[in-house]
Amino acid sequence: MSELEQAAPKKWYMKVPHTFVLLFGLIVICAIATHFLPAGEFQRAENAATGRMAVVPGTYHTVEAKPVGFLQTFIAVQKGMVDAAAVSFFVFLSYASFYTVLKTGSLHAFIGWLLRVMKGKELLIIPVFMYVFGLGGAIFGMFEETFGFIPLFVGLAIAMGYDAIVGMCMVVVGVGIGFSAAFMNPFTVGLAQKFSELPLFSGMQFRIVSWVVFMTISVIWVMMYAVKIKKDPTKSHVWGVDMGALRLDKDELLNSKFHTRDIIGLLLVVLTVAIMVWGVIKKGWYFDELAGLFIVMGLACAAVAGWGPDKMAESYLEGFRDIVFGAMVIGVSRGILIVMREGNIIDTVIYGLSLPLAHFPAWFSAQGMLFVQTIISFFIPSGSGMASTTMPIMAPLADLLGFTRQTAVLAFQYGDGFSNIYFPPPSARSSAPSPRFPWRSGGNSLPPYSWAFTWFR
């Protein structure tokens with residue numbers, strides 16, 4: 001190919017569309033589907049074990065069609081943003097809080113200390129933190145709570161001679177795989193087993209072995225990539241991308257002092273994580289409580305660093321600007337669910353996907369159930385919502401197909417969990433235009449970790 005051909009701009013059909021284009025396109029497709037798919041729904045009744053409304057198997061019936069019109073399609077974007085407001089604003093506040101902590105310099109000082117302690121053994125830092133994040137996902141369903149740590153670990157990885165992908169993977173892959181292969185996640189495994197009328201957290205031994213296998217494979221994969229990048233940085237998938245202030249100077253870090261106020265700031269972060277774990281497990285905390293906790297952490301760390309109120313406010317505003325892209329994607333993508341809900345085709349899709357499973361042998365139907373649950377996860381992004389909708393159907397279906405209800409729970413768990421990793425909008429990682437990146441002095445490059453926040457559909 002000649003230099004002229006290489007320099008020629010790509011045709012529109014050869015480019016990956018912008019994330020918002022893809023998402024709105026899906027909204028339009030779902031709106032069109034409401035005109036062709038039959039509207040239908042299952043009867044629902046309160047499940048005594050969980051206190052949630054659950055589907056009554058065998059009650060699917062057609063209802064009056066409510067096709068989504070032209071204006072309703074656009075209104076769904078607004079409704080989606082309102083419906084996803086709790087998640088979107090949690091992302092705003094948690095990210096801005098960790099952004100503020102990072103700007104105080106306490107975590108940079110900790111990185112310098114960690115590099116001095118682990119000198120010559122930096123590679124061991126990767127499995128330690130990945131298993132820690134994986135345990136958080138496996139035990140109490142931690143996922144989005146960890147994404148505020150991404151900037152810190154990106155800087156840590158770069159300082160160790162790796163790249164931003166290694167740093168991001170230490171958090172995202174660790175918690176993502178841990179969540180997907182969880183052995184006692186109350187929001188997925190626990191609910192699915194209750195709706196399947198199985199003892200809570202039964203079959204844990206098998207799930208623990210599965211968790212270890214999945215996590216170990218993931219850790220080895222990240223470590224192999226890290227070793228390759230350290231030997232030849234040009235093989236990095238983000239080679240040549242300016243990481244701005246995230247690109248920490250290793251020599252400067254090694255010579256940095258870990259002052260008392262840095263230690264206090266770090267202890268406040270550790271205390272926050274401990275309180276978060278306690279609150280989620282013991283008190284049932286969710287977005288509202290966790291957001292408030294993170295705000296306290298950010299302000300407390302800034303106060304320890306000697307910041308005034310105005311500087312704190314400016315730091316939070318910068319954090320909001322940095323993550324606005326990811327937070328807005330959450331709201332826009334929720335419009336897909338809104339359209340399907342208003343058109344009464346969600347239950348139709350679920351019913352249609354479950355029917356073919358009855359025509360295959362048990363061993364194949366189990367794999368088919370995993371495939372079906374993965375597809376349904378795209379339309380029902382909430383793990384607990386998906387459990388309450390699908391498991392009352394899939395558990396009895398497993399009995400009819402000749403495999404255990406535990407297998408049906410696994411199909412749900414893996415379908416919901418791993419789809420969280422494989423379903424991020426692809427152009428969020430492309431070179432599409434993106435908002436201002438305040439870590440650096442100028443430019444509009446997409447932060448190397450911000451696409452992770454688009455997982456919260």
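Helix 7 (residues 150–159) has 10 of its 10 residues buried, so this helix is largely enclosed by the rest of the structure. The run of buried residues goes Ile150, Pro151, Leu152, Phe153, Val154, Gly155, Leu156, Ala157, Ile158 and Ala159. Just past the end of helix 7 comes Gly161, with a positive phi of about 95 degrees. All of this is read from a predicted model.

Stepping back to the whole chain, the model holds 18 helices and 4 strands. Of its 457 residues, 53% count as buried. As for how the chain folds back on itself, take the contacts between residues at least 6 apart in sequence: 78% of them join residues at least 24 apart.

In soluble globular proteins, nonpolar side chains tend to be buried together. Here the largest nonpolar core has 78 residues, and the ones with the most contacts inside it are Ile126, Phe153, Leu156, Val166 and Met170. Helix 8 (residues 164–180) is the top contributor to this core, supplying 12 residues. Two of the names on the list, Phe153 and Leu156, also turn up among the buried residues of helix 7. Val166, for its part, touches Ile126, Ala157, Val222, Tyr225 and Ala226, once residues up to four places away in sequence are set aside. A separate core of 46 residues lies apart from the largest one, and its members include Ile27, Ile338, Ile346 and Phe412.

Helix 8 also pairs up with helix 6 (residues 125–140): their axes come within 7 Å and cross at roughly 35 degrees. The crossing of helix 6 past helix 8 is right-handed. On the helix 6 side, the contact is built from Ile125, Ile126, Phe129, Met130, Phe133, Gly134, Gly137 and Ala138, while helix 8 brings Val166, Cys169, Met170, Val171, Val173, Gly174, Val175, Gly178 and Phe179. Sorted by class, that makes 13 nonpolar and 4 polar residues, with no charged ones. Ile126, Val166 and Met170, named above for their contacts inside the largest core, are all part of this helix pair's contact too.

Helix 9 (residues 186–195) packs against helix 18 (residues 405–422) at an angle of about 145 degrees, with the axes 10 Å apart. This crossing is right-handed as well. Thr188, Val189, Ala192 and Gln193 of helix 9 meet Gln406, Val409, Phe412, Gln413 and Asp416 of helix 18. The class count for this contact is 4 nonpolar, 4 polar and 1 charged.

Helix 9 itself has 7 of its 10 residues buried, so it is largely enclosed by the rest of the structure. The buried set is Thr188, Val189, Gly190, Leu191, Ala192, Gln193 and Phe195. After helix 9 comes Glu197, whose phi is positive, near 60 degrees.

Thr104 sits in the loop between helix 4 (85–103) and helix 5 (106–117). Its relative accessibility is 15%, so Thr104 counts as buried, the cut-off being under 20%. Neighbours within four places in sequence aside, Thr104 is in contact with Cys301, Ala302, Ala305 and Trp307.

Key:
Residues are numbered from 1 along each chain as its sequence is written. This is a predicted model: local features need pLDDT of at least 70, side-chain atom pairs count only at pLDDT 80 or more; totals for chains, interfaces and linings use all residues. Side-chain values use heavy atoms; hydrogens and water are left out. Axes are lines fitted to C-alpha atoms, for helices over the stretch in contact, and angles run from 0 to 180 degrees between N-to-C directions. A crossing is left-handed if the near helix is turned anticlockwise from the far one by less than a right angle, and right-handed if clockwise. Contact means heavy atoms within 4.5 Å. Ala, Val, Leu, Ile, Met, Phe, Trp, Tyr, Cys and Pro count as nonpolar, Asp, Glu, Lys and Arg as charged, and the others, Gly among them, as polar. Buried means under 20% relative accessible area, exposed over 50%, partly exposed in between (1.4 Å probe, protein chains only). A nonpolar core is a set of buried Ala, Val, Leu, Ile, Met, Phe, Trp, Tyr and Cys residues joined through side-chain atoms within 4.5 Å.
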